[in-house]
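The report that follows treats one model, with attention to how its parts meet. Please keep the sequence and the coordinates at hand while reading.

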Protein chains: 2
Amino acid sequence: MLTISQVSEKTGLTPYTIRYYEKIGVLHEPKRSNGGARVYKESEVSYIQCLNKLKKLGLSLEEITEFTREGCVMDKIQQGENPSNYNPTLKKRIEILEKHLMELESRRQEIEYMISLAEEKLTLYQELTKEDIVNT
Amino acid sequence: MLTISQVSEKTGLTPYTIRYYEKIGVLHEPKRSNGGARVYKESEVSYIQCLNKLKKLGLSLEEITEFTREGCVMDKIQQGENPSNYNPTLKKRIEILEKHLMELESRRQEIEYMISLAEEKLTLYQELTKEDIVNT
DNA sequence: TTACAAGTTAGAGTCAACTGGAAGTCAAGA
DNA sequence: TCTTGACTTCCAGTTGACTCTAACTTGTAA
């Protein structure tokens, strides 16, 4: 069980930010100690680390919330609950997941393109200035 | 030659945003018509489209400015100017380019990771609910 | 029991990145 | 000439994502 500052240290988010994420619903409310302090499970840490990655990819907190919320049903299924309980919404959830997958794929393609541009530039620089660089 | 609203239409940025980018230095000042209206070349459009891609990848406008500015020397070299004119700064520029390349690579790896997570989820959903979906 | 570190809430402040309004200019067609 | 529409500048307002302050509480060690 971890305090907010331990989670802060492990994830790189400040306690301010962690409380803010809770407030806007990106993180759900954790258990509390008798004194009222937030107490986190290890799983919260990996959740936040995953969240950080999505943030780095340029997703907004709203998109991240949508993306990670899809895990809720998954968690329940993995915990042994009957998937047919969720049947009415499952199809929609799969559609959302597929949308995200396509979105990620297209971002990956854009990254590949940017990498190829940057590599091209780099090679040209290096070839054009090989001697200059050796001399500096 | 294009007006600001034509550029807006082609790039998906509003005229407000285009002027804002000019103001903060992300875009350089375009030529003006006799009446003082901004006039853009086609190349500006592809520049902005490239800029949009970098923005989608989560780079800040400051990072984008830094990234794209590296093209300036390249452009001059390609236009036939002697690269040794730029010699003192070339090494540093290559270092910056390499830094960006590594940054892009690491973002790509994170995306691959997120894609694999999403794919995993999707497969599980579909397997667990194959019949339910057929019946809806 | 007191001092202090680390937590709490509510709410204000900050910063990047737009977004919009006001008031004015300019060119082309009726 | 007048109107219309698209532009101009200047500047204030908004949104998303934090970040901090103030005032207070709790737990622990001296």
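Which residues in H2(B) are buried?

## Basis of the description

This is a predicted model, in which local features need pLDDT of at least 70 and side-chain atom pairs count only at pLDDT 80 or more, while totals for chains, interfaces and linings use all residues. Residues are numbered from 1 along each chain as its sequence is written, chains are lettered from A and ligands numbered from 1 in the order in which they are written, and side-chain values use heavy atoms, with hydrogens and water left out.

## Helix H2 of chain B

The buried residues in H2(B) are B:Ile18, B:Tyr21 and B:Glu22, where buried means under 20% relative accessible area, exposed over 50% and partly exposed in between, with a 1.4 Å probe and protein chains only. Helices (H or I, at least four residues) and strands (E, at least two) are DSSP runs, numbered from the N terminus. Seen down the axis of H2(B), the buried residues fall within an arc of 100°, so they line one face of the helix; the arc is that of the directions from the helix axis to the C-beta atoms. An α-helix has 3.6 residues a turn, so residues three or four places apart point the same way.

On the face of H2(B) turned away from its buried side are the exposed residues B:Tyr16 and B:Lys23. Just after this helix, B:Gly25 has a positive phi of about 90°.

A residue is near a strand if one of its heavy atoms lies within 4 Å of it. Of the 16 residues around DNA strand C, those that come nearest are A:Ser5, A:Arg19, A:Arg38, B:Tyr20 and B:Tyr21. Sugar and phosphate make up 77% of the atoms of DNA strand C that come within 4 Å of the protein.

Among the polar contacts (pairs of N or O atoms within 3.5 Å), an N or O atom in the side chain of B:Tyr21 is 2.4 Å from a phosphate oxygen of DNA strand C. The elements giving two or more residues to this surface are helix H1 (4-11) of chain A and helix H2 (15-24) of chain B, and H2(B) gives the most, with 4 residues.

Sugar and phosphate account here for 72% of the atoms of DNA strand D that come within 4 Å of the protein.

A phosphate oxygen of DNA strand D lies 2.6 Å from a polar side-chain atom of B:Ser5, and one is 2.9 Å from an N or O atom in the side chain of B:Arg32. Helix H2 (15-24) of chain A and helix H1 (4-11) of chain B are the elements that give two or more residues to this surface, with H2(A) giving the most, 4 residues.

## Salt bridges

Over all chains the structure holds 6 salt bridges, each a side-chain nitrogen of Lys or Arg within 4 Å of a carboxyl oxygen of Asp or Glu. One of them joins B:Arg38 and B:Glu22 (2.7 Å, N to O); B:Arg38 lies in strand S2 (residues 38-39) of chain B and B:Glu22 in helix H2 of chain B, so the pair ties together parts that are 16 residues apart in sequence. B:Glu22 counts as buried, at 11% relative accessibility.

In chain A, A:Glu22 and A:Arg32 form a salt bridge whose closest N and O atoms are 3.9 Å apart. A:Glu22 is buried, whereas A:Arg32 is partly exposed, with a relative accessible area of 44%. A network of salt bridges links A:Glu22, A:Arg32 and A:Arg38.

Conventions
Polar contact = N/O pair within 3.5 Å; in protein donor to acceptor, adjacent residues only side chain to side chain.
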